[in-house]
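Thanks, everyone. I will go through one model this morning, starting with a term and then moving to the parts.

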Amino acid sequence: MSVALGTTRPLPVRTTPVGDPGDLLASLPRTAPYAWVRNGEGLVGWGQAARVTVPPGPGRFAWARQWLATVFGDAHVDDAVRTPGSGPVAFGSFTFDEDAHGSVLVVPRAVLARRGGHAWLTTIGDAPLETFSPVRDPGRIRYGDGSLTAPEWEEVVARAAKRIREGELEKVVLARDLVATAERPIDVRLLLTRLARRYPECYTFSVAGLVGATPELLIRRTGQEIESLVLAGTTARGTGPADDFARGAALLASAKDRHEHECAIASVRQTLAPLCSLLETPDEPELLVLPNVQHLASHVSGRLADGASVLDVVAAMHPTAAVGGTPTRTAIEVIRELEGMDRAGYAGPVGWIDAHGDGEWGIALRSGLIQGRRARLFAGGGIMGDSDPAAELAEAQAKFRVMQYALEG
């Protein structure tokens, strides 16, 4: 296994069962924490046994798989658990745009996990593990414009909607950023804890400074079985139960949102069908109700035909219509032209993969890039021909509140 310090000596990997660890996030040390947690289950990691920056370009996922094959293939593994997520695991974050720099894979030196009533600890090598330090509050938070001001972004939305009405494309997903500056260095562990407690149904993640809680599962692979959760079409929560119900009903009845959702489902069907011997998609979406918004949601399941790893499926699926648009190639060009910013890992794949090709990957929504006292927050939404710029801005503002809550409590 190639390690961060440059040696190529294979290192021992040992996975052993452990008792219930309680709150997984409470076990993390301060430096470089990695996490993928939903409803109290998942994986957290720390330390760094191996790390690589994946070169940009259309072959980046194939390059990443080859690197992982070398790293995992060189490991001496003693795995007493033998379940998805045991043995050596890599956490990863890929940029939204294949031509952008910043995609990363990291194999932590330690991974603590709990799934399905079982818990285990994986360690790599015999170096001392990092010690725990108290979690610190970042203090007062100040916000400033990101790449575009709110009025500038509304103008971008209007221009995109006009191009859709003119027939250039059906849908494009536009994002915007917001810059937050704290009094003190931002402790990622505090953000993770707040996100996991407030949004337990989401996947709370941390990989190489990218932190968030995404409701959207891009793909889960367990053996040959795969699952995905497609989200497209959004409305804010209501001011009370009656208003909440009315907003949900209006979302289900909205021609604009239903069309946006169908574009996303069609994209997933088209992408997964060649990889699967069986693929099931629902005829109608359902409502996914979160603390801040409601989404149109569809659960997709299938069986892989040729033993592809989870990273192969990620490569085939990204970018989905839910985060790019329809047709995808045209939408990506419109995003590059109009959006006015580098998305970095926002709306890109984030998750984990083990040595058997199993894993879980989400789309990095409701997220931010954390560096010292600074956080760059991201939000966006699907633009259709009849989209109202002010309403799209309000939707993005509602999505920003996830990470604002994580920072402010």
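A word on burial before anything else: buried means under 20% relative accessible area, exposed means over 50%, and partly exposed is in between, with a 1.4 Å probe and protein chains only. By that definition alanine 344 is buried, at a relative accessible area of 14%.

Now the ground rules. This is a predicted model, in which local features need pLDDT of at least 70 and side-chain atom pairs count only at pLDDT 80 or more, while totals for chains, interfaces and linings use all residues. Residues are numbered from 1 along each chain as its sequence is written, and side-chain values use heavy atoms, with hydrogens and water left out.

Back to alanine 344. Its phi is near 55 degrees, a positive value in a residue other than glycine. Alanine 344 sits in the loop between α7 and β20 (349-354); helices here are DSSP runs of H or I with at least four residues, strands are runs of E with at least two, and both are numbered from the N terminus. Alanine 208, also not a glycine, has a positive phi of about 55 degrees. Its loop runs between β12 (203-207) and β13 (210-214), and alanine 208 is partly exposed, at 33% relative accessible area.

Histidine 318 and proline 319 are joined by a cis peptide bond, with omega about -5 degrees. Proline 319 belongs to the loop between α6 and β19, and threonine 320 is in the loop between α6 and β19 (325-326). Is threonine 320 buried or exposed? Threonine 320 is buried, with a relative accessible area of 5%. Leaving aside neighbours within four places in sequence, threonine 320 is in contact (heavy atoms within 4.5 Å) with Leu218, Ser267, Gly325 and Ile363. A cis peptide bond also joins threonine 326 and proline 327, with omega about -15 degrees; proline 327 lies in the loop between β19 and α7 (328-338).

Last, the helix pair. Helix α1 (residues 60-73) packs with helix α6 (residues 310-317) at about 170 degrees, their axes 10 Å apart. Axes are lines fitted to C-alpha atoms, for helices over the stretch in contact, and angles run from 0 to 180 degrees between N-to-C directions. So α1 is roughly antiparallel to α6, since angles over 145 degrees count as roughly antiparallel, under 35 as roughly parallel, 65 to 115 as roughly perpendicular and the rest as oblique. On α1 the contact uses Phe61, Ala64, Arg65 and Leu68, and on α6 it uses Leu311, Asp312, Val314 and Ala315.
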